[in-house]
Amino acid sequence: MYTILVTAGFTTGMLGNAFIGLVNCSDWVKNQKITFINFLLICLAVSRTSSLLVIFIDAIILELAPCFYDSYSLIKCSDILWVVTDQLSTWFATCLSIFYFLKIAHFSHPLFLWLKWRMRIVVAVFLVFSLFSLISYFLLLETFPILREIYMITERNLTLFSETSKTTAVKSLFFFSLMYLVPLFVSVASLILLFLSLVKHSRNLNLISTSSEDSRTKVHKKAMKMLLAFLILFTLHIFFMQLARWLFIFLPGNRSTNSVLLTLIIFPLSHSLILILSNSKLRQTAVRALQHLKSQLEEMILSLHRVSGVFPKWIS
């Protein structure tokens, strides 16, 4: 049952992210140019696909052949891939939140206007910072050779796991959680500032005695719903990511680790579906694709009915 759930979640997530990537890549080829938002969506889709693949492989190995992770080199390689793909996915999603905030919000403050005019530079700075945090994290791991003991621990020698090793493990997990604080803070700030922009715009509408919602108000609310959904999913993802690492280090071989790995698929899967439903181009393309698939299935069923009606007569 666990393998079926992991495979179903992995397949759904891969299809959603592949769809986002293919639609935006086709627009890139057709128009011979790429917009900034399309570039972010393609990068996010690629990073999410990689992250889902790493989680899926880890979950299957832990379920079917956990003995593979008795090797330090294998577990270290898995950890590096896990951290890199998840961090890239997190930062590209955060950059998408920054893009929506700077594109939709409206403030007259010079700092905001400076950031709005240099949106690509702002996003590039955040991506460079994410690369710096990744490098710092891996340098920290290499600085403490005692972390090798953490990766090699099994249930049989759990009592021999020294207090020094536990302290080092807690420190590494604490630093790992710090890498998520900046994107979390940026996402919360984007949501709050977008809300303040909506409040300011609503007050301006009240001053001119307009009670109906205009297009800008609708765009503000739509973006806020997207950012709020991302923030909720992201917070849950951080919690389960930390929980999975704690269980993997301090309770190796525990079956609950597999269940936690299953929850890590929810974030890249759900957020991709939200992006498809909230983007008019992606939503319309998805509807047309589903309608085409439905018509193809109907034709297939009709063909089977014709064959089933003719086949017995042919036999006789």
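Asp27 forms a salt bridge with Lys30, with 3.9 Å between the closest N and O atoms; the term denotes a side-chain nitrogen of Lys or Arg within 4 Å of a carboxyl oxygen of Asp or Glu. Both residues belong to helix α1 (residues 2–31) and stand three residues apart, about one turn of the helix. Helices (H or I, at least four residues) are DSSP runs, numbered from the N terminus.

## Basis of the model

This is a predicted model, in which local features need pLDDT of at least 70 and side-chain atom pairs count only at pLDDT 80 or more. Residues are numbered from 1 along each chain as its sequence is written, and side-chain values use heavy atoms, with hydrogens and water left out.

The structure holds two salt bridges, and Asp27, Lys30 and Lys281 are linked in a network of them.

## Solvent accessibility

Asp27 is buried, at a relative accessible area of 12%, whereas Lys30 is exposed at 63%. Lys281 is partly exposed, with a value of 26%. Here buried means under 20% relative accessible area, exposed over 50%, and partly exposed in between (1.4 Å probe, protein chains only).

Note on methods
Helix = DSSP H or I, 4+ residues; strand = E, 2+ residues; numbered from the N terminus.
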